[in-house]
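Have the model open in your viewer and your selection tool ready. We will take a short walk, one stop at a time.

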Amino acid sequence: MNNEEIAQVFNNIGDLLGLKGEIIFKIRAYSKAARTIEHYPMELAQIFKEEGEAGLSNVPSVGPAINKKIQELLSTGGLEYYEKLKAEFPDGVIALKDVPGVGPKTAYKISKELGVNDLNGLEAALKEGAVAGLPGLGEKAAANILHHLQTLKTKDRRIPIGRALGVVEEIVGALHDVPGLHRLEPAGSLRRYRETVGDIDLMGTAEDPEMVLSALARLPQVTEVLVHGPKKVSVLVKNGLQVDLRIVEEEVYGSLIQYFTGSQQHNVMLRERARRRGLSINEYGITDLETGRVERFATEEAMYQRLGLQFIPPELREGQREIEQAAKGAIPHLVEVSDLRGDLHSHTSESDGRDTLEEMVLAARAAGLEYLAITDHSSGRGIANGLSDQRLLEHIDRIRELNGRIDGIELLTGSEVDIRADGTMDYSDELLEKLDVVIGSVHSAMSQSKEVMTARVIKAMGNPHVDIIGHPTCRILGERVPVEIDIEAIFRAALETGTVLEIDAQPGRLDLKDSYIYRAREMGVALVIDSDAHATEQFDNLRLGVAVARRGWCEKGHILNTLTLEELRAALGSRSAVGAHG
Ligand SMILES: [Zn+2]
Ligand SMILES: [Zn+2]
């Protein structure tokens, strides 16, 4: 069971206990644990496997009773307590309660009175007017539920961060020239670079707030203005994304952006810390509980300092170890975009890229990269237009020739070679040996069982020519689930063979994901952040890769392509050195 599934069980328990009229304290314990577990950066299954009960007890909000239940869920896949509780209610409660506008009480009413037990049944009952006829509901509530249900069915409301960033940059760019605008930046999960975001929160300061708010409301990409108040405007932009902009006073900006950046769990832990020091936090500042004096903060730095904490970068604010570390002054100096010297994964029009070799190289140089590996696809089954042996040899010559006549960037020859279904590589060892950089990637037979897939990738890592495993879980955000793979076994094999694992920075991939990066780094696995650019503008992907690496608490020393080319060549040349890096 993964964290999300465990969290869902506790959420359901909390809701069912609420229906039973249990004491609020007990209900909250479950919902709080669910929230923590859902966002925890390590899989509880892994923690339990390695450290047992004691490991689980270090997870915030997990007390002894919940700890026991997690253990039961992880070892049996079920929970007797939960099954007994569910049996006390009609079937539909669990299925219906999470529809916006429904909630546990209404779900209970609908399933008990109408015998509805799934979403299709709910939709039918809504359309027939049966729901509106229930006591306490009525036409308006039913219409509201139907609206939410239909939205729920047509799309997943959270969108990949790459798409959200595009929207935000357009908006911020368009508002840039409004006179008297001082600050304008995203808050919320976008600022923390979570891989998917829901609503977009923007926050700013300005001499004339109304001028900025109405400028946003008038933008051509706005399809509907939901709220337009004196300090806040909420709009829908094309593709249904909601954007909230708040213009606030300069002297409380620090507190407010801190509050709206979250995460919720981080803020809960921050408030707990404040309380122990006789202080209370709200979005406008910190109150001394004894004197009642309120302090306001223009910057987040000052606010964290007031709580005896080092500044915590937004990417770390997930309610894990960051407050404890900040109290010790031990927040790591996270890797930055400017630390990256090169990129080891890029494609040209020779395989499935859009732009020519020369165009890609010029773009990489313009992006400030000191070296670039050209890694077009092999001819295997996964990708159209992969390079045959002969075409690869010619490509190598062209890359070397271009390297000889271009200044300001060094080119490495390479290939993104398919790892075939049986774990063998798509080119012969003789051919692989001619390349500076070999990335092994899975592009086919993705539905293999966990055992087969794990063995397949480990076999590829055992090939001494394979330097890097590309996008190790093969997921596409919102489109393709990750392959089944024993990620811990992959990390161990990477260490043993000195194979580098990739953080593929394509906005739709971000693979490895943050929690896996966290774990890989902890184990000492060498990592690389690659753009996987298929077009000249995609070297910009690297900053998203850096953001997820930061969410995995990576410093410069954990990322191989922060090395100079000379150091990198040495590292790739002797694989034990790669393993020892960082
Ligand atoms: Zn690939
Ligand atoms: Zn690629």
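A definition first: a donor here is an N, O or S atom within 2.8 Å of the metal, and water is not among the atoms, so a site may look incomplete. Keep in mind, too, that this is a predicted model.

**First stop: ligand 2.** Select the zinc ion (ligand 2) and display its donors: His345 (NE2), His347 (NE2), Glu416 (OE) and Asp532 (OD), at 2.1 to 2.2 Å. Along the chain, these donors follow the spacing H-x1-H-x68-E-x115-D. Now check the angles between the four donor atoms: they run from 80 to 165°, which makes the arrangement around the zinc ion (ligand 2) irregular. A tetrahedral label would need every angle to lie between 85 and 135 degrees.

Click on His345, which is buried, with a relative accessible area of 0%. His347 is also at 0% relative accessibility and counts as buried, because the cut-off for that word is under 20%.

**Then cross over on Glu416.**

**Last stop: ligand 1.** Center on the zinc ion (ligand 1), where Glu416 (OE), His443 (NE2) and His471 (NE2) coordinate at 2.1 to 2.2 Å. Their spacing in sequence reads E-x26-H-x27-H. Color by secondary structure and you will find Glu416 in strand β13 (residues 410–418) and His471 in the loop between β15 (468–469) and α21 (487–497), so this pair ties together parts that are 55 residues apart in sequence. Both Glu416 and His471 are buried.

Conventions
Residues are numbered from 1 along each chain as its sequence is written. Chains are lettered from A and ligands numbered from 1 in the order in which they are written. This is a predicted model: local features need pLDDT of at least 70, side-chain atom pairs count only at pLDDT 80 or more; totals for chains, interfaces and linings use all residues. Side-chain values use heavy atoms; hydrogens and water are left out. Donors are N, O and S atoms within 2.8 Å of the metal (3.2 Å for Na, K and Ca); water is not among the atoms, so sites may look incomplete. Four donors count as tetrahedral if all angles lie between 85 and 135 degrees; four count as square planar and six as octahedral if opposite donors are over 155 degrees apart and all others between 65 and 115; anything else is irregular. Buried means under 20% relative accessible area, exposed over 50%, partly exposed in between (1.4 Å probe, protein chains only). Helices (H or I, at least four residues) and strands (E, at least two) are DSSP runs, numbered from the N terminus.
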